[in-house]
Amino acid sequence: MFKDECGEDISTYILKHRIAKSKELLLSTDKTVEEIAEEVGIYNKVTFTRNFKKITNTTPGAYRKENGVG
């Protein structure tokens with residue numbers, strides 16, 4: 001039902017929201033990537049980085065640098 005209503009499965013929907021929140025945190029805090037990953041509910045840095053890149057086509061560190069942070 002969720003996929004019919006929203007056009008994507010629930011796990012993809014949740015992942016996109018976690019990545020959106022992590023993007024905010026990357027730009028507004030000086031927390032490490034590991035701390036941000038945990039804060040958004042992804043407890044493995046490698047998994048977080050892989051999923052971040054899957055959604056944004058860049059790594060968390062590169063995203064920070066591209067946006068003038070760090």
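Predicted model: local features only at pLDDT ≥ 70, side-chain atom pairs only at ≥ 80, totals over all residues.

Visitor: Fine. How many helices and strands are there in the chain?

Guide: The chain has five helices and zero strands. Along the sequence the pattern reads α-α-α-α-α.

Visitor: And what does the C-alpha trace span?

Guide: Along its principal axes, the C-alpha trace spans about 40 × 20 × 20 Å.

Visitor: What share of the residues count as buried?

Guide: Of the 70 residues in the chain, 27% count as buried. As for contacts between residues at least 6 apart in sequence, 46% of them join residues at least 24 apart.

Visitor: Let's take a helix. Which residues of H2 are buried?

Guide: In H2 the buried residues are Leu15, Ile19, Ser22, Leu25 and Leu26. Seen down the axis of H2, these buried residues fall within an arc of 120°, so they line one face of the helix.

Visitor: OK. What do the buried residues of H2 pack against?

Guide: They pack against H3, H4 and H5.

Visitor: How far apart are the end C-alpha atoms of H2, and what should the span be?

Guide: The end C-alpha atoms of H2 are 27 Å apart. At 1.5 Å a residue, its 19 residues should span 27 Å, so the two values agree.

Visitor: Now H4. Which residues are buried there?

Guide: Phe48, Asn51, Phe52 and Thr56 are buried in H4. Viewed down the axis of H4, its buried residues fall within an arc of 115°, so they too line one face of their helix.

Visitor: What is on the face turned away from the buried side of H4?

Guide: That face carries the exposed residues Val46, Arg50 and Lys54. On the buried side, what covers the residues of H4 includes H2, helix H3 (33-39) and helix H5 (60-66).

Visitor: At what angle do H2 and H4 pack?

Guide: Helix H2, residues 10-28, and helix H4, residues 45-56, pack at an angle of about 95°, with their axes 10 Å apart. That angle makes H2 roughly perpendicular to H4.

Visitor: Which residues meet there?

Guide: From H2 there are Leu15, Lys16, Ile19, Ser22, Lys23 and Leu26, and they meet Phe48, Asn51, Phe52, Ile55 and Thr56 of H4. The residues of this contact divide into six nonpolar, three polar and two charged.

Visitor: Ser22 is on that list. Is it buried or exposed?

Guide: Ser22, in helix H2, counts as buried because its relative accessibility is 0%. Not counting residues up to four places away in sequence, Ser22 touches Ile36, Val40, Phe48 and Phe52.

Visitor: Why does Asn51 count as buried?

Guide: Its relative accessibility is 16%, and buried means under 20%, so Asn51 falls in that class.

Visitor: What about Leu26, what is that in contact with?

Guide: Leu26 lies in helix H2 and is buried, with a relative accessible area of 0%. Apart from neighbours within four places in sequence, its contacts are Val33, Ile36, Phe52, Pro60, Tyr63, Arg64 and Val69. Take Tyr63: Leu26 and Tyr63 are 37 residues apart along the chain, and their C-alpha atoms are separated by 8.0 Å.

Visitor: Change of topic. Where does Asn57 lie?

Guide: Asn57 lies in the loop between H4 and H5. Asn57 is exposed, with a relative accessible area of 68%. Its phi is near 65°, a positive value in a residue other than glycine.

Visitor: Last one. Where is Gly61?

Guide: Gly61 is in helix H5. At 34% relative accessibility, Gly61 counts as partly exposed. The C-alpha atoms of Gly61 and Lys3, 58 residues apart along the chain, are separated by 32 Å.

Key: Residues numbered from 1 in each chain as written. Heavy atoms only, no water. Axes fitted to C-alpha atoms, helices over the stretch in contact; angles between N-to-C directions. Helix = DSSP H or I, 4+ residues; strand = E, 2+ residues; numbered from the N terminus. Parallel < 35°, antiparallel > 145°, perpendicular 65-115°, else oblique. Contact = heavy atoms within 4.5 Å. Nonpolar A, V, L, I, M, F, W, Y, C, P; charged D, E, K, R; others polar. Buried < 20%, exposed > 50% of the residue type's maximum accessible area, 1.4 Å probe, protein only. Arc of directions from axis to C-beta. Expected span 1.5 Å × (residues − 1).
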